[in-house]
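The sequence and the structure come first.

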Amino acid sequence: MNYYTKGMNSMDTPKGILIVFSGFSGSGKGTVMKELINRYANQYALSISATTRAPREGEENGREYFFKTREEFEKMIEKNELIEYALYVENYYDTPKAYVDEQLAAGKDVILEIEIQGALKIKEMFPETLLMFVTPPDAQTLKERLVGRGTETAEVIEARLSRAFEESQGMEAYDYLIVNDTLDACVEQVHSIISNEHAKMSRNQEFINRIRDELKGFSKGE
Ligand code: ADP
Ligand code: 5GP
(Lines give C-alpha, C1' and ligand atoms only; values in the text may rest on other atoms or scores of the structure.)
(Ligands and ions follow the chains in the order given, each with its own letter.)
Protein backbone atom coordinates (compact mmCIF):
# COMPACT_ATOMS: atom_id res chain seq x y z
CA MET A 1 0.00 0.00 0.00
CA ASN A 2 1.35 3.46 -0.74
CA TYR A 3 0.30 6.79 0.71
CA TYR A 4 -2.25 7.34 -2.01
CA THR A 5 -4.13 4.05 -1.99
CA LYS A 6 -4.16 4.23 1.81
CA GLY A 7 -6.24 7.39 1.53
CA MET A 8 -8.85 5.65 -0.54
CA ASN A 9 -12.20 4.42 0.61
CA SER A 10 -12.44 0.68 1.10
CA MET A 11 -15.06 0.55 -1.66
CA ASP A 12 -12.40 1.40 -4.22
CA THR A 13 -10.38 -1.57 -5.29
CA PRO A 14 -7.14 -0.15 -6.65
CA LYS A 15 -5.50 -2.53 -9.06
CA GLY A 16 -1.74 -2.78 -9.06
CA ILE A 17 0.35 -1.05 -11.70
CA LEU A 18 2.33 -3.08 -14.20
CA ILE A 19 5.91 -1.79 -14.25
CA VAL A 20 8.71 -2.68 -16.60
CA PHE A 21 12.24 -2.13 -15.36
CA SER A 22 14.92 -2.42 -18.05
CA GLY A 23 18.56 -1.44 -18.25
CA PHE A 24 21.94 -2.40 -19.59
CA SER A 25 23.42 -5.58 -18.23
CA GLY A 26 25.49 -4.54 -15.20
CA SER A 27 23.60 -1.27 -14.64
CA GLY A 28 22.45 -2.61 -11.28
CA LYS A 29 18.77 -3.25 -12.00
CA GLY A 30 18.77 -6.59 -10.17
CA THR A 31 20.39 -4.98 -7.14
CA VAL A 32 17.93 -2.06 -7.16
CA MET A 33 14.93 -4.39 -7.50
CA LYS A 34 16.09 -6.64 -4.68
CA GLU A 35 16.46 -3.65 -2.37
CA LEU A 36 13.11 -2.16 -3.42
CA ILE A 37 11.35 -5.43 -2.57
CA ASN A 38 13.27 -5.67 0.72
CA ARG A 39 12.11 -2.24 1.77
CA TYR A 40 8.54 -2.35 0.47
CA ALA A 41 7.61 -6.01 0.40
CA ASN A 42 3.89 -5.30 0.81
CA GLN A 43 3.60 -3.07 -2.22
CA TYR A 44 5.59 -4.87 -4.88
CA ALA A 45 5.71 -8.27 -6.51
CA LEU A 46 8.67 -9.08 -8.74
CA SER A 47 7.82 -11.42 -11.58
CA ILE A 48 10.15 -14.38 -11.91
CA SER A 49 11.08 -15.08 -15.52
CA ALA A 50 12.07 -18.33 -17.16
CA THR A 51 15.37 -18.55 -19.03
CA THR A 52 17.52 -21.01 -20.92
CA ARG A 53 20.74 -19.46 -19.57
CA ALA A 54 22.73 -21.38 -16.97
CA PRO A 55 22.33 -20.36 -13.32
CA ARG A 56 25.06 -18.10 -11.93
CA GLU A 57 26.74 -19.04 -8.70
CA GLY A 58 24.29 -18.32 -5.88
CA GLU A 59 21.20 -18.26 -8.11
CA GLU A 60 18.39 -20.65 -7.23
CA ASN A 61 15.76 -22.19 -9.46
CA GLY A 62 12.45 -20.44 -8.70
CA ARG A 63 14.10 -17.47 -6.94
CA GLU A 64 16.05 -15.48 -9.56
CA TYR A 65 14.69 -17.44 -12.53
CA PHE A 66 13.01 -20.68 -13.50
CA PHE A 67 15.90 -22.34 -15.33
CA LYS A 68 14.64 -24.30 -18.35
CA THR A 69 16.00 -26.35 -21.19
CA ARG A 70 15.24 -25.21 -24.74
CA GLU A 71 12.67 -28.03 -25.05
CA GLU A 72 10.87 -26.99 -21.87
CA PHE A 73 10.94 -23.39 -23.02
CA GLU A 74 9.42 -24.26 -26.40
CA LYS A 75 6.63 -26.20 -24.67
CA MET A 76 5.73 -23.11 -22.62
CA ILE A 77 5.47 -21.12 -25.86
CA GLU A 78 3.26 -23.80 -27.46
CA LYS A 79 0.94 -23.89 -24.46
CA ASN A 80 0.61 -20.09 -24.58
CA GLU A 81 1.75 -19.75 -20.95
CA LEU A 82 3.86 -16.63 -21.59
CA ILE A 83 3.12 -12.93 -21.81
CA GLU A 84 6.20 -12.31 -23.94
CA TYR A 85 9.59 -13.80 -24.68
CA ALA A 86 12.81 -12.59 -26.24
CA LEU A 87 16.23 -13.79 -27.33
CA TYR A 88 19.06 -11.99 -25.52
CA VAL A 89 22.73 -12.78 -26.22
CA GLU A 90 21.98 -16.37 -27.31
CA ASN A 91 19.51 -17.28 -24.57
CA TYR A 92 15.73 -17.14 -24.29
CA TYR A 93 13.98 -15.22 -21.52
CA ASP A 94 10.24 -15.05 -20.90
CA THR A 95 7.58 -13.81 -18.53
CA PRO A 96 5.05 -16.43 -17.35
CA LYS A 97 1.48 -15.10 -17.33
CA ALA A 98 -0.27 -16.59 -14.31
CA TYR A 99 1.75 -14.90 -11.55
CA VAL A 100 1.48 -11.44 -13.09
CA ASP A 101 -2.33 -11.63 -13.42
CA GLU A 102 -2.70 -12.97 -9.89
CA GLN A 103 -0.56 -10.30 -8.23
CA LEU A 104 -2.09 -7.38 -10.15
CA ALA A 105 -5.55 -8.55 -9.14
CA ALA A 106 -4.37 -8.69 -5.51
CA GLY A 107 -3.49 -4.98 -5.75
CA LYS A 108 0.29 -5.38 -5.92
CA ASP A 109 2.46 -3.35 -8.27
CA VAL A 110 4.06 -6.00 -10.43
CA ILE A 111 7.58 -5.41 -11.71
CA LEU A 112 8.94 -7.12 -14.79
CA GLU A 113 12.71 -6.84 -14.97
CA ILE A 114 13.08 -7.47 -18.69
CA GLU A 115 15.02 -6.30 -21.72
CA ILE A 116 13.83 -3.83 -24.30
CA GLN A 117 12.19 -6.10 -26.92
CA GLY A 118 9.99 -7.62 -24.20
CA ALA A 119 9.32 -4.16 -22.75
CA LEU A 120 8.00 -2.85 -26.06
CA LYS A 121 5.74 -5.89 -26.52
CA ILE A 122 4.31 -5.42 -23.03
CA LYS A 123 3.67 -1.73 -23.69
CA GLU A 124 1.85 -2.60 -26.89
CA MET A 125 -0.34 -5.17 -25.15
CA PHE A 126 -0.91 -3.10 -22.00
CA PRO A 127 -0.52 0.61 -22.87
CA GLU A 128 -0.92 1.68 -19.23
CA THR A 129 2.37 -0.04 -18.31
CA LEU A 130 4.93 2.22 -16.61
CA LEU A 131 8.33 1.88 -18.30
CA MET A 132 11.54 2.68 -16.41
CA PHE A 133 15.06 2.46 -17.75
CA VAL A 134 18.07 2.24 -15.43
CA THR A 135 21.62 3.20 -16.35
CA PRO A 136 24.84 3.75 -14.43
CA PRO A 137 26.14 7.36 -14.46
CA ASP A 138 28.50 6.61 -17.38
CA ALA A 139 29.66 3.84 -19.70
CA GLN A 140 32.95 3.18 -17.90
CA THR A 141 31.06 2.48 -14.67
CA LEU A 142 28.91 0.00 -16.57
CA LYS A 143 31.96 -1.91 -17.71
CA GLU A 144 33.47 -1.85 -14.22
CA ARG A 145 30.26 -3.15 -12.63
CA LEU A 146 29.86 -5.91 -15.18
CA VAL A 147 33.48 -7.01 -14.88
CA GLY A 148 33.38 -6.56 -11.09
CA ARG A 149 30.34 -8.83 -10.78
CA GLY A 150 32.55 -11.62 -12.05
CA THR A 151 29.75 -13.81 -13.35
CA GLU A 152 30.41 -13.77 -17.10
CA THR A 153 33.33 -14.68 -19.32
CA ALA A 154 35.22 -11.88 -21.09
CA GLU A 155 33.50 -12.89 -24.32
CA VAL A 156 29.99 -12.66 -22.87
CA ILE A 157 30.85 -9.34 -21.19
CA GLU A 158 31.90 -7.98 -24.56
CA ALA A 159 28.66 -9.19 -26.18
CA ARG A 160 26.60 -7.60 -23.39
CA LEU A 161 28.43 -4.26 -23.66
CA SER A 162 27.87 -4.26 -27.38
CA ARG A 163 24.21 -5.07 -26.78
CA ALA A 164 24.08 -2.10 -24.37
CA PHE A 165 24.85 0.26 -27.23
CA GLU A 166 21.98 -1.23 -29.28
CA GLU A 167 19.63 -0.95 -26.30
CA SER A 168 20.58 2.70 -25.79
CA GLN A 169 18.92 3.43 -29.16
CA GLY A 170 15.54 2.60 -27.63
CA MET A 171 15.76 4.55 -24.37
CA GLU A 172 13.34 7.26 -25.50
CA ALA A 173 10.50 4.72 -25.57
CA TYR A 174 10.61 4.62 -21.75
CA ASP A 175 8.73 6.92 -19.38
CA TYR A 176 11.52 7.46 -16.83
CA LEU A 177 15.31 7.54 -16.79
CA ILE A 178 16.75 6.15 -13.55
CA VAL A 179 20.44 6.82 -12.95
CA ASN A 180 21.80 4.24 -10.53
CA ASP A 181 24.69 6.10 -8.94
CA THR A 182 24.10 5.68 -5.20
CA LEU A 183 21.99 2.60 -4.51
CA ASP A 184 19.96 4.10 -1.67
CA ALA A 185 19.00 7.24 -3.61
CA CYS A 186 18.14 5.17 -6.66
CA VAL A 187 15.81 2.83 -4.77
CA GLU A 188 13.98 5.75 -3.15
CA GLN A 189 13.62 7.51 -6.51
CA VAL A 190 12.06 4.43 -8.09
CA HIS A 191 9.67 4.02 -5.15
CA SER A 192 8.68 7.66 -5.27
CA ILE A 193 7.99 7.66 -9.03
CA ILE A 194 5.77 4.60 -8.67
CA SER A 195 3.95 6.10 -5.68
CA ASN A 196 3.23 9.29 -7.66
CA GLU A 197 2.04 7.22 -10.60
CA HIS A 198 -0.80 5.94 -8.41
CA ALA A 199 -2.11 9.50 -8.08
CA LYS A 200 -2.59 9.99 -11.83
CA MET A 201 -6.19 10.85 -12.76
CA SER A 202 -6.15 8.28 -15.53
CA ARG A 203 -5.45 5.51 -12.99
CA ASN A 204 -8.24 6.51 -10.63
CA GLN A 205 -11.49 6.30 -12.55
CA GLU A 206 -13.16 4.19 -9.84
CA PHE A 207 -12.36 6.77 -7.17
CA ILE A 208 -13.60 9.59 -9.40
CA ASN A 209 -16.86 7.76 -10.12
CA ARG A 210 -17.47 7.09 -6.45
CA ILE A 211 -16.88 10.61 -5.15
CA ARG A 212 -18.89 12.02 -8.03
CA ASP A 213 -21.72 9.72 -7.06
CA GLU A 214 -21.49 10.73 -3.40
CA LEU A 215 -21.46 14.42 -4.31
CA LYS A 216 -24.58 13.94 -6.36
CA GLY A 217 -26.41 13.74 -3.06
CA PHE A 218 -25.50 17.41 -2.37
CA SER A 219 -26.51 18.60 -5.80
CA LYS A 220 -29.54 20.86 -6.11
CA GLY A 221 -29.69 19.99 -9.76
CA GLU A 222 -28.93 23.55 -10.92
P1 ADP B 1 22.04 -6.04 -13.66
O2 ADP B 1 20.95 -6.77 -12.93
O3 ADP B 1 21.56 -4.73 -14.22
O4 ADP B 1 22.75 -6.85 -14.69
P5 ADP B 1 23.44 -6.15 -11.09
O6 ADP B 1 22.34 -5.77 -10.17
O7 ADP B 1 23.85 -7.58 -11.13
O8 ADP B 1 23.14 -5.60 -12.58
O9 ADP B 1 24.69 -5.21 -10.72
C10 ADP B 1 25.93 -5.33 -11.40
C11 ADP B 1 27.07 -5.11 -10.37
O12 ADP B 1 27.06 -3.74 -9.96
C13 ADP B 1 26.91 -5.97 -9.13
O14 ADP B 1 28.17 -6.44 -8.72
C15 ADP B 1 26.33 -4.98 -8.09
O16 ADP B 1 26.70 -5.30 -6.78
C17 ADP B 1 26.94 -3.65 -8.54
N18 ADP B 1 26.08 -2.46 -8.25
C19 ADP B 1 24.76 -2.35 -8.46
N20 ADP B 1 24.33 -1.10 -8.11
C21 ADP B 1 25.41 -0.43 -7.68
C22 ADP B 1 25.62 0.91 -7.19
N23 ADP B 1 24.63 1.79 -7.07
N24 ADP B 1 26.88 1.27 -6.86
C25 ADP B 1 27.91 0.40 -6.99
N26 ADP B 1 27.79 -0.88 -7.43
C27 ADP B 1 26.55 -1.28 -7.78
P1 5GP C 1 20.57 -11.79 -17.13
O2 5GP C 1 21.12 -12.95 -17.92
O3 5GP C 1 21.63 -10.73 -16.88
O4 5GP C 1 19.86 -12.23 -15.87
O5 5GP C 1 19.44 -11.10 -18.03
C6 5GP C 1 19.72 -10.69 -19.35
C7 5GP C 1 18.64 -9.74 -19.84
O8 5GP C 1 17.40 -10.45 -19.99
C9 5GP C 1 18.36 -8.58 -18.89
O10 5GP C 1 18.24 -7.39 -19.67
C11 5GP C 1 17.05 -8.95 -18.24
O12 5GP C 1 16.30 -7.81 -17.86
C13 5GP C 1 16.37 -9.66 -19.42
N14 5GP C 1 15.24 -10.52 -19.00
C15 5GP C 1 15.09 -11.25 -17.87
N16 5GP C 1 13.90 -11.88 -17.85
C17 5GP C 1 13.27 -11.53 -19.00
C18 5GP C 1 11.98 -11.85 -19.55
O19 5GP C 1 11.16 -12.56 -18.97
N20 5GP C 1 11.69 -11.32 -20.77
C21 5GP C 1 12.54 -10.51 -21.44
N22 5GP C 1 12.15 -10.03 -22.62
N23 5GP C 1 13.75 -10.19 -20.96
C24 5GP C 1 14.12 -10.69 -19.74
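## Lining of the largest pocket

Helix α2 gives the most to the lining of the largest pocket, contributing 7 residues. The model behind this and every other value here is a predicted one. Besides α2, the elements that each supply at least two lining residues are the strands β5 (82–88) and β6 (91–96) and the helices α6 (139–149) and α7 (154–168).

By residue class, the lining of the largest pocket divides into 11 nonpolar, 13 polar and 16 charged residues.

The largest pocket holds about 1100 Å³ of space. It is lined by 40 residues, and those closest to its centre are G30, E59, E64, Y65 and E113.

## Helices α2 and α8

Helix α2, which spans residues 29–39, also packs against another helix. Its axis comes within 9 Å of the axis of α8 (residues 183–197), and the two cross at roughly 65°. An angle of 65 to 115 degrees counts as roughly perpendicular, and α2 and α8 are therefore roughly perpendicular to each other. Their crossing is right-handed.

On the α2 side, the contact is made by T31, V32, E35, L36 and R39. On the α8 side, these meet L183, D184, C186, V187, E188, V190 and H191. The residues of this contact between α2 and α8 comprise 6 nonpolar, 2 polar and 4 charged.

## Helices α6 and α7

Two of the helices that supply residues to the pocket lining, α6 and α7, also pair with each other. Their axes come within 11 Å and cross at roughly 150°. Angles over 145 degrees count as roughly antiparallel, which makes α6 roughly antiparallel to α7. The crossing of α6 with α7 is right-handed.

From α6, the residues in contact are L142, K143, L146, V147 and R149. Their partners in α7 are I157, R160, L161 and A164. This contact of α6 with α7 has 6 nonpolar residues, no polar ones and 3 charged ones.

## Summary of the elements

Helix α2 links two of these topics: α2 supplies 7 residues to the lining of the largest pocket, and residues of α2, including V32 and L36, meet α8. Helices α6 and α7 each supply at least two residues to that lining, and L146 is one of the α6 residues in the contact with α7.

Notes. Residues are numbered from 1 along each chain as its sequence is written. Chains are lettered from A and ligands numbered from 1 in the order in which they are written. This is a predicted model: local features need pLDDT of at least 70, side-chain atom pairs count only at pLDDT 80 or more; totals for chains, interfaces and linings use all residues. Side-chain values use heavy atoms; hydrogens and water are left out. Axes are lines fitted to C-alpha atoms, for helices over the stretch in contact, and angles run from 0 to 180 degrees between N-to-C directions. Helices (H or I, at least four residues) and strands (E, at least two) are DSSP runs, numbered from the N terminus. Angles under 35 degrees count as roughly parallel, over 145 as roughly antiparallel, 65 to 115 as roughly perpendicular and the rest as oblique. A crossing is left-handed if the near helix is turned anticlockwise from the far one by less than a right angle, and right-handed if clockwise. Contact means heavy atoms within 4.5 Å. Ala, Val, Leu, Ile, Met, Phe, Trp, Tyr, Cys and Pro count as nonpolar, Asp, Glu, Lys and Arg as charged, and the others, Gly among them, as polar. On a 1 Å grid over the protein atoms alone, a cavity is a set of points where a 1.4 Å probe fits but cannot get out, and a pocket is an open set with protein on both sides within 12 Å along at least five of seven lines; lining residues have an atom within 4 Å of a point. Grid points are joined across faces, edges and corners, and a volume is the space filled by probe spheres set on the points.
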